Amino acid sequence: MKKVLFVASESVPFIKTGGLADVAGSLPKYFDKKEFDVRVMIPKYACISDEWKQKMKYKTHFYIDLAWRKQYVGILEAEYEGIKFYFVDNEFYFAGDKPYGYTHEDIEKFAFFCKASLSALPSLEFRPDIIHCHDWQTGLIPVYLHDMFMENNFYHGIKTIMTIHNLKFQGIWDVKTVKDITGLNASFFAADKLEAYGDANYLKGGIVYADMVTTVSDSYAEEIKMPFYGEKLDGLMRARSNCLTGIVNGLDYDEWNPETDKLIYANYNIKNFRKEKVKNKRGLQKELGLEQDERKFMLGLVSRLTDQKGLDLVDYVIEEVCAPDTQFVVLGTGEEKYEHLFRHFEWKYHDRVSANIYYSDERSHKIYAACDAFLMPSLFEPCGLSQLMSLRYGTIPIVRETGGLKDTVEPYNEYENTGTGFSFANYNAHEMLGTINYAKDVYYNRKREWNKIIDRAMAMDFSWNNSANKYADLYRGL
């Protein structure tokens, strides 16, 4: 049996700030239990809810050297949906009301986490064949395995995989401090190892020393070899391209299922959506105080309100997006200028624009179920989950062809009657607007074609099973 340890800085259901938590928490349970024993290790943050803390059992504790002081390491464990989770405890590092804080604190916190995770393995009676590291917070694990853990036979032959969820975040700080904190040999801080542009870079270390590097979609794996998407590491990505693969994230199809979803107004499936889906639109129009007209084209947007998500394009043509024949529903928080933009347009067109400037899981489910189309004009998108939710709910995605969006949404082709959504290639506001208008034209004037797009969208399978099969192949290859 192959033993695999996921090491990550967050995981559902314990702590979540982004898509990384979904991967760490959901993916392990989809592997074949006869072939793989997959376990997960995350920090025991003070901000994990008491309900979960009460389920954790004490396993062991010991001390490690970090920089110039001895640090306590406690290990707790809990089981969730058949998967064993380990929690690394240290109140000095993992206090506070959120998992991440200031960069200089996080740099030390995750150096500690990497060293503690490796140091704990012998006492857990679990020797993984593969350690699967996620994002920069775990970038030092492959590095440590090539340094101070080399002398110990227990660690010989453990393979590592480094998964990049978003290359923008790399864990960068000055070399002197990182050398002091990590205790790594000075030779590791060379340009072909951890050093990048004069600083130390955790993610770069992980990429250099891991046996395999993956990212969360095929297109993103190609894009990050180019300067525009490569965040100054494109040269390294090209150098490691023989070990680089893209595997699209999955979606938890139990949680996101229009047939059983308790948070939406009316359940529906691929057979009866023509009659039942529209009840969700009526319900949402009523709840948000929009004009109650089920024929109106309803466009949704659930997102962090930031430049990365392409909202400067929306800003540029928002007057045309909020046309009289369209209702526009926005949910999310982020940069002030976008929060104000959407609030302003809700005030200006209160019967057709709804700006929900907060985050609510329940409301997001309702938007995915109620809208006709869903907008994702991202500048870059390593994987993206919203388009997978839209497809699942028969809400047609309108996306820019980048990263995971390009890999999961097939553009509608009216001549061949194929496609599950609409897409545009250039990062251009009028090209986006043209695509929205094209989608509206199909919606209003070719209803049968529109329903066939929904049929194809809802028939797609982006569940975790697919991703798990690809990761399983990767593990076998190692």
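Student: Before we start, what counts as a strand or a helix here?

Tutor: Helices (H or I, at least four residues) and strands (E, at least two) are DSSP runs, numbered from the N terminus. Keep in mind that this is a predicted model.

Student: Which other residue has a positive phi although it is not a glycine?

Tutor: E231 does, with a phi of about 50°. You'll find E231 in the loop between helix 9 (227–230) and helix 10 (234–239). At 25% relative accessibility, E231 counts as partly exposed.

Student: Switching topic: how much space lies in the second largest pocket?

Tutor: About 340 Å³. There are 17 residues lining that pocket, and V278, E294, D372, Y443 and K447 are the closest to its centre.

Student: Which helix gives the most to that lining?

Tutor: Helix 11, with five residues. The elements giving two or more residues are helix 11 (273–288), helix 18 (429–445) and helix 19 (447–459).

Student: What kinds of residues make up the lining?

Tutor: Eight are nonpolar, two polar and seven charged.

Student: Last one: which residues make the nonpolar surface patch of about 360 Å²?

Tutor: Y58, Y63 and Y72 make that patch. Y58 lies in strand 3 (residues 57–66), and Y58 is exposed, with a relative accessible area of 54%.

Methods:
Residues numbered from 1 in each chain as written. Predicted model: local features only at pLDDT ≥ 70, side-chain atom pairs only at ≥ 80, totals over all residues. Heavy atoms only, no water. 1 Å grid on protein atoms, 1.4 Å probe; cavity = no way out; pocket = protein on both sides within 12 Å on 5 of 7 lines; lining within 4 Å. Points joined across faces, edges and corners; volume = space filled by probe spheres on them. Nonpolar A, V, L, I, M, F, W, Y, C, P; charged D, E, K, R; others polar. Patch = residues over 30% accessible without salt bridge, like charges linked within 9 Å, V, L, I, M, F, W, Y side chains within 5 Å. Areas by Shrake-Rupley, 256 points an atom, 1.4 Å probe, with all protein chains shown as cover. Salt bridge = Lys/Arg side-chain N within 4 Å of Asp/Glu carboxyl O. Buried < 20%, exposed > 50% of the residue type's maximum accessible area, 1.4 Å probe, protein only.
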